[in-house]
Amino acid sequence: MLWSQTFIPTLKETPSDAEIVSHQLLLRAGLVRKLTGGLYTFLPMGLRTLRKIEQIIREEMNRAGGIEVLMPALQPPEIWQQSGRYETAAGVLFKVRDSAKKEWVLGPTHEEVITTLAASELNSYRQLPRNFYQIQTKFRDEIRPRFGLMRAKEFLMKDAYSFDASDEGAMASYGRMYDAYRRIFARCGLQAFPVEADTGVIGGSHSHEFMVPAETGENDVVYCEACHYAANIEKATSGLPATAPREVGPEPEKFATPGVVTIEALAKAPYGVPANRQIKTLVYVADSRPVLILVRGDDQLNESKFMARTGAVAVRPADAKNAADAEIFAALGALPGSLGAVRNVPAGWKVYADARLRGANDMTTGANEDGFHLKGVSMERDIKVTEWFDLRTVKVGEPCPKCAQTLKIRRAIEVGHVFKLGTKYSEKLNATFLAEDGSRHPAVMGCYGIGVTRTLQAVIEQCHDKDGIVWPLPVAPFQVCITPLSVVPDGQPMTLARQLSDELTAAGIEVILDDRDERPGVKFKDSELVGFPLRVNLGEKSLAKGEIELKPRNGPVKLVPIAAASAEVIAWFQAEKAKYQAA
């Protein structure tokens, strides 16, 4: 390929709306161009890399037993209503109407579509297990698209769906996808690692995310270097003990706390109640019903944990300034800062408490009367807790739940997610099969997603330096850039460049020949910005000495004899290729 015959519009300046390095390099290296917020056109170099990532995914999905299909992006809302996600996923659904005013959904994912297919086609245990996958454009109504391809309204995704006859079979399918994901990201040159994860709106009982460490990532990952425990902050637990027990005293005692409405204020003199002996009472609206949530004063509520454990879909904190929510606080008799669950809790309200509070006594909480608190509170005696479970957010430095060593937290980019769905969708959409004994059962499902466009940007975020992208060999748009410093058609540099290009291409190496009539500095900067793994420089001075320069993108220049140049490049290519084959 000649540089002059493709389209690589590199930029010297960084676009003002590109917030993170990978987004900046996507634009500066001429890989994509923005149409509007959350929508991008892929240019030739970006598209070549995208297709390579797709091919790696296809190879590993096929190796793991996946069967490729292609489902409609336009979906009838009825199947979303049948699954129950028409309401729960309403925040991300694009809805359109045709000329007959009929409504349609632009697919953000395809659980409903594939389960409908399975319901009509997979009728016997003899047809199971099956794993269908596709690579297709998805649409999500991101309110605030940002970071380039990381959070876009339209993106490319690989989604797969497994159907099994038993829970054991479903876990085996899950394991195959888990292993395939490890291979996919390794082959893409990514240092990705799996973490335990929350299942979110998709649902399910078992879930892992594949994360790429990056300071600009949108996810916090809790991890232990000693035993390799790792979990998304939304799922992570720690080995902290429950609140230290104290002697149970008499009935709770009310005391005046005028103007005290924060944990910090109650901890100061003259009250001196440490945060770890306070009960933080939060009023939430969960699926339109008010609830009380209790955590220790020095802990923070993890809303995702609450949603996962209760099954609530629409969850938000109540707002005393909102007219409708003001009724909630009127029912309690106090405003935030003086709330508690000991007295005046309305009948029918559920009270959820963090497990760390279980058995705690000699605690202090709001009295449900403005300007007053209660001390000497016993969780078991004085508060009627509906359910106990882990509701708190893990903090750095806490002990690992598996080995008790110190936990750390780092930022990361999510590039893949695997779920064990169970029978949530197969039951609602009637995807059942006839078992060997003649009984009928819902298929046990799993779903597995990879953000293809996001993976591309994650590679850039992890593989770059001050000069531009440093592509791993398997996903580089071209593997070798041949750069003659003089482009006179019959001159020695161009003659050798064409010869070398033909030899390397015949050896299976993807070559771009920079035939532009530009200064050497411009050519060098562009090749480094775009990130080709190896540049071959052919200058008249070095050629006069019988030498050609080989410049790996992340290594020093190496001078080789002209006659040995082709063999040297092929040897370099084979060595680089082997690194990713081993992975």
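## Aromatic rings

Tyr178, Tyr181, Phe185 and Phe210 form one aromatic cluster. Here the rings of Phe, Tyr and Trp (for Trp, its six-membered ring) are taken as a pair if their centres lie within 6.5 Å, and a pair counts as stacked when the planes are under 30 degrees apart, as edge-to-face when they are over 60, and as tilted for the rest. By this rule there are 11 aromatic pairs. Among them is the tilted pair of tyrosine 352 and phenylalanine 389, with 5.9 Å from centre to centre and 40° between the planes. Because tyrosine 352 lies in strand S17 (residues 350-354) and phenylalanine 389 in strand S20 (residues 387-389), this pair ties together parts that are 37 residues apart in sequence. Helices (H or I, at least four residues) and strands (E, at least two) are DSSP runs, numbered from the N terminus. Tyrosine 352 and phenylalanine 389 are both buried, where buried means under 20% relative accessible area, exposed means over 50%, and partly exposed lies in between (1.4 Å probe, protein chains only).

## How the model is read

This is a predicted model, in which local features need pLDDT of at least 70 and side-chain atom pairs count only at pLDDT 80 or more, while totals for chains, interfaces and linings use all residues. Residues are numbered from 1 along each chain as its sequence is written, and side-chain values use heavy atoms, with hydrogens and water left out.

## Charges over rings

A charge sits over a ring if NZ of Lys or CZ of Arg is within 6 Å of the ring centre and within 35 degrees of the ring normal. Lysine 95 lies over the face of tyrosine 86, at 4.1 Å from the ring centre, and the charged end of lysine 102 sits over the ring of tryptophan 104, at 5.0 Å from its centre.

## Salt bridges

The structure holds 39 salt bridges, each being a side-chain nitrogen of Lys or Arg within 4 Å of a carboxyl oxygen of Asp or Glu. One of them joins arginine 58 to glutamate 68, with the closest N and O atoms 3.0 Å apart. This pair links distant parts of the chain, since arginine 58 belongs to helix H2 (residues 44-63) and glutamate 68 to strand S3 (residues 67-68), 10 residues apart. Arginine 58 is partly exposed, with a relative accessible area of 23%, and glutamate 68 is partly exposed as well, at 36%.

Lysine 254 forms a salt bridge with glutamate 369, and here the closest N and O atoms are 2.8 Å apart. Lysine 254 is in strand S13 (residues 253-256) and glutamate 369 is in the loop between strand S18 (363-366) and strand S19 (372-377), so that the pair links distant parts of the chain, 115 residues apart. Lysine 254 is partly exposed, with a relative accessible area of 39%, and glutamate 369 is partly exposed with 32%.

Aspartate 526 forms a salt bridge with arginine 516, with 2.8 Å between the closest N and O atoms. Because aspartate 526 lies in helix H14 (residues 520-530) and arginine 516 in the loop between strand S28 (511-513) and H14, the pair ties together parts that are 10 residues apart in sequence. Both aspartate 526 and arginine 516 are buried. Salt bridges that share partners also join Glu19, Glu142, Arg146, Arg151 and Glu218 into one network.

## Cysteines

The structure holds 0 disulfides, a disulfide being a pair of cysteine sulfur atoms within 2.5 Å. Cysteine 188 is in no disulfide, and the nearest cysteine sulfur, that of cysteine 463, is 10 Å away. Cysteine 188 is buried, with a relative accessible area of 0%. The sulfur of cysteine 400 is 3.5 Å from the closest cysteine sulfur, in cysteine 227, which is too far for a bond. Cysteine 400 counts as buried at 2% relative accessibility.

The domain assignment gives domain 1 (17-237 + 409-461), domain 2 (253-389) and domain 3 (478-579), with bounds that come from an automatic or database domain assignment. The centres of domain 1 and domain 3, taken over C-alpha atoms, are separated by 39 Å. Their contact takes 6 residues from domain 1 and 6 residues from domain 3, where contact means heavy atoms within 4.5 Å.

Helix H1 (residues 21-28) is mostly covered, with 6 of its 8 residues buried, namely Ser22, His23, Leu25, Leu26, Leu27 and Arg28. These buried residues pack against strand S1 (32-36), strand S2 (39-42), helix H12 (452-462), strand S25 (464-465), strand S26 (468-469) and H14. H1 is followed by glycine 30, whose phi is positive, near 70°.
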